[in-house]
Amino acid sequence: MRNKKVLVIDDEYIVRVSCQRVLETDGYSVFLSSNVMDGLKLIEDEGFDLVITDLIMPGMDGFELLKQVRGRWPSLKVVVMTGYGTTETSDKSLELGADGVIKKPFLPEELLSVAGTIQSNYVN
């Protein structure tokens, strides 16, 4: 069985690298992007099992990413991570098709839990 491929999109370097370290330790193959446009290109070129994206970023934001992914890759699993963890933000993310929401700051165990839950509900 191949490693699950995960794309992490966040404009903050430390968040990307922290997610990468946690996920790789658990056996995921992790790719990183600092913005939505590059992330969409990676999705198109590489294909992924899961995308974990920040919500608020310069340029195109996580809401727009969700719209694009649902239009082009409707079965791709997407988890939104946000430092603006309001009920409205979570609700809007879920309405746009997010499979989960995780609030920053989060513990490594929380990231692994949400990634694992999404992946265990996914049948290739």
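A: Two strands count as paired if DSSP finds at least two bridges between them. The model considered here is predicted. In this model, strand 4 (residues 77-82) and strand 5 run parallel and are joined by 4 bridges. Within this pair, Val-79 has Gly-100 of strand 5 as its bridge partner.

Q: In what order do the strands of the open sheet lie?

A: Strands of a sheet pair through backbone hydrogen bonds, in either the parallel or the antiparallel sense. Here 5 strands form an open sheet in the order 2-1-3-4-5, and the pairing is parallel. Strand 2 and strand 5 (100-103) are the edge strands, each pairing on one side only. From one strand to the next, the twist averages 20°.

Q: Which strands pair with strand 1, and over how many bridges?

A: Strand 1 pairs with strand 2 (residues 29-33) in the parallel sense over 5 bridges, and Lys-5 stands opposite Ser-29 of strand 2. Strand 1 also runs parallel to strand 3 (residues 50-54), to which 4 bridges join it. In that pairing, Leu-7 has Val-51 of strand 3 as its bridge partner.

Q: Are the two faces of strand 1 covered or uncovered?

A: In a regular strand, the side chains alternate between the two faces of the sheet. In strand 1, Lys-5, Leu-7 and Ile-9 lie on one side, Val-6 and Val-8 lie on the other, and all are buried. Strand 1 (residues 5-9) is accordingly described as mostly covered, with 5 of its 5 residues buried.

Q: Why does Ile-9 count as buried?

A: The cut-off for a buried residue is under 20% relative accessible area. Ile-9 counts as buried because its relative accessibility is 0%. This residue lies in strand 1. Apart from neighbours within four places in sequence, Ile-9 is in contact with several residues, among them Ser-33, Val-51, Asp-54, Met-57, Leu-65 and Met-81. Val-36 is another of these contacts; Ile-9 and Val-36 are 27 residues apart in sequence, while their C-alpha atoms are 6.8 Å apart in space.

Q: How are helix 2 and helix 3 placed relative to each other?

A: Angles under 35 degrees count as roughly parallel. The axes of helix 2 (residues 36-46) and helix 3 cross at roughly 20° and come within 11 Å. Helix 2 and helix 3 are therefore roughly parallel to each other, and their crossing is right-handed. At the meeting of the two, Val-36, Leu-40, Ile-43 and Glu-44 of helix 2 face Leu-65, Gln-68, Val-69 and Arg-72 of helix 3 in contact.

Q: Is the peptide bond from Lys-104 to Pro-105 cis or trans?

A: The angle to consult is omega. Between Lys-104 and Pro-105, omega is near -10° and the peptide bond is cis. Pro-105 belongs to the loop between strand 5 and helix 5 (108-120).

How values were computed:
Residues are numbered from 1 along each chain as its sequence is written. This is a predicted model: local features need pLDDT of at least 70, side-chain atom pairs count only at pLDDT 80 or more; totals for chains, interfaces and linings use all residues. Side-chain values use heavy atoms; hydrogens and water are left out. Buried means under 20% relative accessible area, exposed over 50%, partly exposed in between (1.4 Å probe, protein chains only). Axes are lines fitted to C-alpha atoms, for helices over the stretch in contact, and angles run from 0 to 180 degrees between N-to-C directions. Contact means heavy atoms within 4.5 Å. Angles under 35 degrees count as roughly parallel, over 145 as roughly antiparallel, 65 to 115 as roughly perpendicular and the rest as oblique. A crossing is left-handed if the near helix is turned anticlockwise from the far one by less than a right angle, and right-handed if clockwise.
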